[in-house]
Each structure stands twice: as structure tokens, then as C-alpha cells.
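Here are my notes for a first look through this model. Have the sequence and the 3D view open while you read.

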Amino acid sequence: MSRTTLWRVLAVGAMVVAGPSPSSAQLAPGPASRAQAAAVLSGGVPAPYPCLTPRLETPLVAPAPAALRRAVLALREDPILEGERRWRSARGTLYRYALGRSFDAIPPADRDANGAPDLLESLEATLAGAGQWLASKLGIPSPQPREVVLADLGPEIQGYTIAAPEPAAGFRIVLNAQLPAGELRHGAVHQLAHIAVSGVRADWAEALATWSEISWYGLEAGSAATAVRARLARLREGLMADDLRLAAGNALWLVFFEETYGAENLPWLAKALRGSEPVREILERAVQQASGQTLAEAFRDFHLWCVLTGPYDDGRHFPFASLLPEPNFASTVRGLPELSVQSEPAVGSWGATQIRLDPQLQDLNETGLTVLFEGDMQASWAADLLLVYEDRTLQRVALELGEDARGQATVPAGRLQEVLLLVRNLAPPEFGPRRYSWSAFVEPGFPFRLASFEARPLGAGEGVLLEWETLQERDLLGFNIVRYRDEGGGMPVRVNPVWIPAVGDESPMAYTYLDADAEPGVRYTYRLEGITQRGLTSSSDPVRVFVPER
């Protein structure tokens, strides 16, 4: 019989023996009953709450299930280990552990033969280093647990932290003795952070603890990586969602906040999260104090960071973006036109989502892509288009929305590989999740449609005359003329020193421009580049010319 199967048998047996209303003392002694209490508190196996600290710190609301109340009482009790041993570190932390055949046993290796298992010395070094680092990051005294207990907590559980009833008595960290050494060290940093941010509301204390784990170790496989991926997959449920399953993943916001506004702003944020203000107001003040921006502006950037992951990583946002999966798209559309009327999942307060549009057009020159958005008017919406070009460069375009929560944008489709529609709901939580509609279609002749485009050499040393005629112009600011040498390579050169103003509309308009710098004896390729009012560009098909030497 495997150890996990044996644990399940013993756990069920412990609950049967305990009867319907056992006291905490009845549950506390045995490792099987302790693991069963952890499983009840975590929400099941596999555990959605690998860290039990926020569950233990959150007051139970009557009428709480009896099993949940018993589990909380059991885990708050002083753990009893079979064959318990003790080791006190030089810093004064008491380590309680077991060896041998105990369920709570840890590896006995003691390579320096000093009486302390190597695992304990490794944990002590981790806690000492992480404590100093946390103190410098958060502007607090270095946190230190009163004692660390290694006990069997059953499958998937990382551990928890308990504060003594008397504040002066300090904190006890309980770590799962069955975890591999690497995961134990991760758990130790996570639980030490809970001591450092003691007093912060439970959900954001979990976010801060996960941020500490990620910042100290990087985003490796384990509970922190799982939490971050779950948060990205459920970004639409909102940054302020009252769900402990998402709390740990809000470490992403803290990574973004530190990377964007600087680590010196973290102490104020951590302190403010100890207060009773609504989280939205705390985050608003933190962003304003750090940058002068609004929270809506910061959340717009945060949403972009959460989209530029996996294959979309551009190396300039989350330092671990390449380790994350691609964004979780509400819809992926191939081919246009397309219409969606409130068919995607609703977006919660301060939640975000994205739609992927792949035009799949053969010829995108002189063609535009129009996206229309309409949100439920009982919410407060914001939206952008993220343009992804063939060379994987990115450009973000704001989609301006009116008071009726409607808006549209047309962008040149030339060189586009795909377009992501980024949607955010900035309404207060009391409005609840809301739905939206969108449509996308091809716009021929945007931002201009050419009747002709020609390049004619004027003779040796006299340059090349460029002539073009437009059939229509829309949202066009002006033109650039871009020249390439056909032989020998070289970078493209903009011929005109300032853009050539566009003066046409729906009727034909003719233009001429002399490229006096064209060299004799050289073959050139020219393209006409239209510039829209948004600063976007659209290129014509090329024309080629040879400049004779005489």
C-alpha cells in the first residue's frame, strides 16, 4: 500500500473514530487527523489552497460547517509529532521534527555530523537570507519565526503560519515534511513573508507571500507558478475578486507594480493594505503616489503585461513571461467579417479579457481592419487594439469609447499578422460581471486607394520623379516615400525630410515629388507610405526604376 493511499485510509478512519463533534484535542495528536484537517481546510485534493495561512486567518462566518470549524481548531493546536526531536538555531529559532519511521519524518542526512539534519540547516539559511531581503524590500524589521515545525500535512499542502495568542510569543511556521527539499525552501520563504506582512488582509497577504516566493526564487514549477497561471487564465474575474483561489496569483500585480514604479513604493503599499479601506482605493493611491497615473491607466498597462506572455513575450515586461502560457483568449477568430453579441464570458469588476482576430487576407495593402465594440452600459469599459505585425513587433491603439460604451477603430491591415482586442471592466464590484459585443470587418481602400504610382528617371544627375494619384483618402495625415537599393542591400531611406500633406478625400487627387538624391547607375525600389491620424502606416505595392548614368 502506497504512503498516499495509507494516509487516506487513516484519515477516513480518524474521522470515523472522532464522531460527529470531536474537540480540537481529539484531532490534533495523530498525523492522519492533522492531514485530514489540512485537506478539509484546503478545499480538497488536489488542493486549491496549498498555503493554509489565509484560511486560518479568515474568521469563520456562522453557520460554518462543523468539519471546517474542527479543522481550523485542529491546525491551530500545538502539533504533536511522533518521536519528536528539537534543534535550536544560532538565531534562536526552534526546529521541531521527527526521524525514522514516523509519518512526520524528514531525511536524516547530517553530513557535518553536528547533530542537526542538513535539511534544517538549509531551511535556517534560507529563512535568515530571505528575512533580511524582506526587511530591505518592505522597510520592516527582519521577520523571524519563534519555531518551525515539520509535520505531515498530506498531499499538495505547502504549509501555514500561526501567530501565538500573545503577540510577544511570536509565530509558528508549520511546513509539510513530505515535500521535496526545494519545495520546502519555497514554502519557508512564503510563510516567512506571511510573518513579515502580518496584519495585511488575508487575500493580499497571500499575494504578497507569493510575490516574495517568486522574487526570491524566480518563477519555477510549484505552487507559485500554478497560482500565477490560474490568475492569468481567470483575469476576467477581476483584480479585486473575493476568491482565495485567485489571491495568490495577484502577486502578478505586485511584480508589475515593483517593475514599473520601483521597489521603493512597496513599503507604503504593504502598510496601506493593513488598513480597512477598499482595496481599489488603496491601489489607486499607491499608483498616484508612485507615478501620478490613475489606477485605470496602470491597469491598462498591467493588462498588456498579462497578454505579452509565452509566444507573445517581447522581453520587456514580466521577467518570467517566457515561462508562462500564451494568453487565455475569450475567442479566436480566423477570417473576417465576424460578429459576437454578448457571447463571450462576462467580465467582472477590474477584470480583463482578450479576443484574437486573424484576418487571413491575401493582399493587405490599401486595406484596413475595423473593430467595433459595445459594452453593457451598467459597467465602465476600456478597450485597446494590440496590433501584431509579421515581424512580431507590437503597437497598441486605444479604442475610444463614448458615454454609450460604444466605439470603433480602423487600422491599416498591411503587414498585420493578427489583432488582439483587449477589454477591461472598471466598474465597482457592486455592478457585478457584465457582457459586451464586438464586430470586425475588412475596410477596402483604407487609408488610401491608389489609381497609379510611378517612378520616372529624369536623366543623369537629375533624380527620379515620383507621381501618384489617389482615388480616395480616409483618416490620412500625409505620405512618406521610402527608397531601397536593389543591389547591395542597405536600410530603407525616407526620401522626404518631412511628411507630404494629404489633401484628398473621396475624390481623386494627384501628387508629385522629386527625389533629387537618387544616384545614377543604381536600381531602386520605391514604396509610398500613408500615415494615419493615429500615426499608423500603410504601404503601397512597390515600383522599381533604374537611374541611367547618362
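1. A search of the whole structure turns up 23 aromatic pairs. Rings of Phe, Tyr and Trp (its six-membered ring) pair if their centres lie within 6.5 Å; planes under 30 degrees apart count as stacked, over 60 as edge-to-face and the rest as tilted. Take Phe373 and Trp381: their ring centres sit 5.8 Å apart with the planes at 65°, so this pair is edge-to-face. Phe373 is buried at a relative accessible area of 3%, and Trp381 counts as buried at 10%. (Buried means under 20% relative accessible area, exposed over 50%, partly exposed in between, with a 1.4 Å probe and protein chains only.)

2. Before going on, keep in mind that this is a predicted model: local features need pLDDT of at least 70 and side-chain atom pairs count only at pLDDT 80 or more, while totals for chains, interfaces and linings use all residues. Residues are numbered from 1 along each chain as its sequence is written, and side-chain values use heavy atoms, with hydrogens and water left out.

3. Next, look at Phe448 and Phe479, an edge-to-face aromatic pair with 5.6 Å centre to centre and 65° between the planes. This pair links distant parts of the chain, with Phe448 in strand S15 (residues 448-457) and Phe479 in strand S17 (residues 476-485), 31 residues apart. Helices (H or I, at least four residues) and strands (E, at least two) are DSSP runs, numbered from the N terminus. Phe448 is buried at 0% relative accessibility, and Phe479 is buried with a relative accessible area of 0%.

4. Which residues make up an aromatic cluster? Trp253, Phe256, Phe257, Tyr261, Phe299, Phe302, Trp305, Phe318, Phe320 and Trp350 form one. Helix H11 (residues 251-261) is mostly covered, with nine of its eleven residues buried. Among those buried in H11 are Trp253, Phe256, Phe257 and Tyr261. After H11 comes Gly262, which has a positive phi near 100°.

5. Now for some helix packing. The axes of helix H7 (residues 181-196) and helix H8 (residues 202-217) come within 8 Å and cross at roughly 135°. Axes are lines fitted to C-alpha atoms, for helices over the stretch in contact, and angles run from 0 to 180 degrees between N-to-C directions. H7 and H8 are therefore oblique to each other; angles under 35 degrees count as roughly parallel, over 145 as roughly antiparallel, 65 to 115 as roughly perpendicular and the rest as oblique. On the H7 side the contact (heavy atoms within 4.5 Å) involves residues including Arg185, Val189 and Ala193, and on the H8 side residues including Leu208, Ser212 and Trp216.

6. Ser212 deserves a click of its own. This residue lies in helix H8 and is buried, with a relative accessible area of 1%. Leaving aside neighbours within four places in sequence, Ser212 is in contact with Trp133, Leu134, Val189 and Ala193.

7. You will find Leu514 in strand S20 (residues 509-515). Apart from neighbours within four places in sequence, Leu514 is in contact with Leu458, Glu462, Gly463, Val464 and Leu465. The C-alpha atoms of Leu514 and Leu60 are separated by 79 Å, and these residues are 454 residues apart along the chain.
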